[in-house]
Amino acid sequence: MEIIDYRSDTLTQPTEAMRRALAEAEVGDDVFDEDPTVHRLQALAAEKTGKPAALFVPSGTMGNLVSLLTHCQRGDEIILGQRSHIFVNEVGGLAALGGIHPHPIANREDGTLDLNQIEAAIRKADVHFPPTRLICLENTHNYCGGYPLTAEYMAQVRELADRHGLGIHLDGARIFNAAVALGVEVPALTRDADTVMFSLSKGLSAPVGSLVCGSKEWVLQARKWRKMVGGGMRQAGVLAAAGIEALTHHPDRLTQDHQNAQTLAQGLRATPGIHIDCDRVHTNILFFKLDHPAMGAQALLDYLNGKGIRILQLADGVFRAVVHRHITAEMVATTLKTLREVLK
């Protein structure tokens, strides 16, 4: 049975070109900063994001943690969205390992944080309060339907942060999706952030790894935190080689994922028993609700699994589908046909 798996774009498999690059990579000990392929990947990542330097890390979660540890001291506070990946899905690492206090505020439906609410959350100097150190944003915003944050919004947050002496960290796990959706280059979306993390292992199809990017001095400090939390990977060039292939050849093809997501969204809107707002689908992530008098959420999941179609349920009757390189236009058509057959 052909499996059509929408659960995440982390399910992408490395291409044949990536597998060849893995096998042929020139390597050295990266903890000694001697792996030439890692050096090439870090230089390419810095160039792609418009930052002076970059650091290769095993995962996006570690990349965000290392970034927060580098920005903050124990007892500092960060402002972030209550639906952000850092707050919801990273096991509370900022507090458990960093002693950093999260101050969550509501995300708007487009993933942004209201500027007035950000400003209201900034602590004044008081013996009772943790000092505010950092604003964290997410682009694209996963739990807000893959919305891309614009360069104009980033500039507004930068102006606010500068007035209060704060830094900005951008969880840009899918920043290349945002750039493609908005028709801009990645540096337009990262220039107003002090630091950015992006993932190689989602839509870019590399098997593992993320990059954190910032100033040379900041990256040097981040490198020590990476070592402390277990991110020194020795001959990591075998992984970095796949990352170079991903960054060189895969950002442009994200357009196809976005087109397939639009086709899926339009088809879902025309399917009885399903509610979706197609105007909220901008990248490769879409959310939809089941509202059917005779079909429950678990029954639908079981039926789809039996047909080889996998979709993630995030709440009762609320589903997320993520389109990626392994989801073809033909698979989208099969998915819609299957749903209509069971929900008609």
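1. A pocket here is an open set of points on a 1 Å grid over the protein atoms alone, where a 1.4 Å probe fits, with protein on both sides within 12 Å along at least five of seven lines; lining residues have an atom within 4 Å of a point.

2. Before going on, keep in mind that this is a predicted model: local features need pLDDT of at least 70, side-chain atom pairs count only at pLDDT 80 or more, and totals for chains, interfaces and linings use all residues. Residues are numbered from 1 along each chain as its sequence is written, and side-chain values use heavy atoms, with hydrogens and water left out.

3. Of its 18 lining residues, Arg-280, Phe-287, Phe-288, Lys-289 and Val-318 are the closest to the centre. Strand E10 (285-290) gives the most to the lining, with 5 residues. (Strands, E, are DSSP runs of at least two residues, and helices, H or I, of at least four, numbered from the N terminus.)

4. Now find Asn-139, in the loop between strand E5 (132-138) and helix H7 (151-164). Is Asn-139 buried or exposed? Asn-139 counts as buried because its relative accessibility is 0%, and buried means under 20% relative accessible area, with a 1.4 Å probe and protein chains only. The Asn-139 side chain reaches the backbone nitrogen of Leu-149 at 2.7 Å. Beyond its neighbours within four places in sequence, Asn-139 is in contact (heavy atoms within 4.5 Å) with residues including Tyr-147, Asp-171 and Leu-189.

5. Strand E5 also holds Cys-136. Cys-136 is buried too, at 4% relative accessible area. Look at Ile-79 as well: Cys-136 and Ile-79 are 57 residues apart in sequence, yet 6.2 Å apart in space, C-alpha to C-alpha.

6. Finally, the largest nonpolar core has 47 residues, and Leu-137, Phe-198, Leu-200, Leu-211 and Leu-247 touch the most other members. Such a core is a set of buried Ala, Val, Leu, Ile, Met, Phe, Trp, Tyr and Cys residues joined through side-chain atoms within 4.5 Å. H7 gives the most to this core, with 6 residues. Another core, of 30 residues, lies apart from it, with Leu-286 and Ile-327 among them.

Note on methods: Buried means under 20% relative accessible area, exposed over 50%, partly exposed in between (1.4 Å probe, protein chains only). A polar contact is a pair of N or O atoms within 3.5 Å; within protein, one must be able to donate a hydrogen and the other to accept it, and residues adjacent in sequence count only if both atoms are side-chain atoms.
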